[in-house]
Amino acid sequence: MSDASINASRAYEDEASFGDYFALLKPRVMSLVVFTALVGLLAAPAGVHPVIGFSAILFIAIGGGASGALNMWWDADIDKVMKRTKSRPIPAGKVEPGEALALGLALSGLSVIMLALAANVFAGAFLAFTIFFYVVVYTMWLKRATPQNIVIGGAAGAFPPVIGWIAATGTMSVEPWLMFLLTFMWTPPHFWALALFMRSDYDDAGVPMLTVTHGRRATRVHILVYTVLLALLAVGTAFSGIGGPLYLAAALVMNALFLHGAWKISRRDEDDSEADNFKVERSFFKLSLLYLFLHFGAILAEALLKPYGLGGW
């Protein structure tokens, strides 16, 4: 085989695949965006044509993916030094930063315009604000500026159910903001648990996560405090327009487990954590994923059962 053939073969192998570009959209985060937005849309007290509903969720998902691509473009410098993110397309050398920026901007514009056309202008404008908040307020500003980065920035990930509700109704009410608060208050203990056993990543990258600026002891206390506040909110939501007996049962069980996990984390010292490789913290982090899914799943179930006289109070 000639040198030219070998070089051509290597160049082909190094080319970005569809999977690399898809990874830029943060599909795991996108799945959360899709699910919570869908719950917001279906829990709204307004019938939505299936085509409009599908289109709305699709463009909300694309907007979420656009935010992910822009986030990876901006954070490429720290992603390459963190174990958790160094295999992402840009630090891995699969995708050029400029390509990620172009993709993110193009998908942002597409998603906002198409959501406005498919649903209503209010929904499109709110999606535009969400993308701006995640990319500019959180990624470009808060993430590297304050240990409250994940607290304030968590609002960006909490907006999708509100957008889904607006897409269905064109209006605002208390219920979508309860769903917003569920995700908003869940985000800090979820990410702080991750930071407890991934602290070296944030140290290496110079990201002022709470574990870096205030230490793990303070982070454990913060997790407990936020979990208590989250539990009060989650159980109280059962008595709102999106709640009901099924949701209440799920909330009571999940918040009892979550509070127990947060209490165990608050009682541990670093020697215990290092000895078992942060077993309790890792378990709490996994539980947090199930926690949000079951709460929103219960809201969705209540909404789907209401037409049959079974959901809600």
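1. Burial cut-offs. A residue is called buried under 20% relative accessible area, exposed over 50%, and partly exposed in between. Phe180, at 9% relative accessibility, therefore counts as buried. The model is a predicted one.

2. Overall fold. The protein chain has 16 helices and zero strands. The C-alpha trace spans about 75 × 55 × 35 Å along its principal axes. Buried residues account for 50% of the 313 residues. Of the contacts between residues at least 6 apart in sequence, 73% join residues at least 24 apart.

3. Aromatic pairs. With ring centres within 6.5 Å as the criterion, the count is 20 aromatic pairs. Phe122 and Phe126 are edge-to-face, because their planes stand at 75° with the ring centres 6.4 Å apart. Both residues lie in helix 7, four residues apart, about one turn of the helix. Phe122 is partly exposed at 34%, whereas Phe126 is buried at 11%. Trp177 and Phe180 also form an edge-to-face pair, at 5.0 Å centre to centre and 70° between the planes. These two sit three residues apart in helix 10 (residues 174-197), about one helical turn. An α-helix has 3.6 residues a turn, so residues three or four places apart point the same way. Trp177 is partly exposed, with a relative accessible area of 29%.

4. Aromatic cluster. Both pairs belong to one aromatic cluster, formed by Phe122, Phe126, Phe129, Phe133, Phe159, Trp177, Phe180 and Phe184.

5. Helix 8. In helix 8 (residues 149-158), eight of the 10 residues are buried. Among them are Asn149, Ile150, Gly153 and Gly154. The cover over these buried residues includes helix 7, helix 9 (160-169), helix 10 and helix 13 (215-236).

6. Salt bridges. The structure holds 10 salt bridges. One of them joins the side chains of Asp79 and Arg88 at 3.2 Å, N to O. Asp79 is buried at 2% relative accessible area, and Arg88 is buried at 18%.

7. Helix 13 to helix 15. Arg216 and Glu274 form a salt bridge at 3.3 Å, N to O. This pair links distant parts of the chain, with Arg216 in helix 13 and Glu274 in helix 15 (residues 270-275), 58 residues apart. Arg216 is buried at 15%. Glu270 and Arg220 form another salt bridge, with their closest N and O atoms 3.1 Å apart. Glu270 lies in helix 15 and Arg220 in helix 13, so this pair ties together parts 50 residues apart in sequence. Arg220 is buried at 0%, while Glu270 is partly exposed at 26%. A network of salt bridges links Arg216, Arg220, Arg268, Glu270, Glu274, Asp276 and Glu281.

8. Surface patch. Which residues form the nonpolar patch on the surface? They are Trp74, Phe129, Phe132, Val136 and Met140, with about 420 Å² of accessible area together. Helix 7 (residues 121-141) gives the largest share, four residues. Trp74 is found in helix 4 (residues 50-74) and is partly exposed at 34%. Phe129 is also a member of the aromatic cluster.

Key: Residues numbered from 1 in each chain as written. Predicted model: local features only at pLDDT ≥ 70, side-chain atom pairs only at ≥ 80, totals over all residues. Heavy atoms only, no water. Patch = residues over 30% accessible without salt bridge, like charges linked within 9 Å, V, L, I, M, F, W, Y side chains within 5 Å. Areas by Shrake-Rupley, 256 points an atom, 1.4 Å probe, with all protein chains shown as cover. Salt bridge = Lys/Arg side-chain N within 4 Å of Asp/Glu carboxyl O. Buried < 20%, exposed > 50% of the residue type's maximum accessible area, 1.4 Å probe, protein only. Contact = heavy atoms within 4.5 Å. Phe/Tyr/Trp six-rings, centres within 6.5 Å; stacked < 30°, edge-to-face > 60°.
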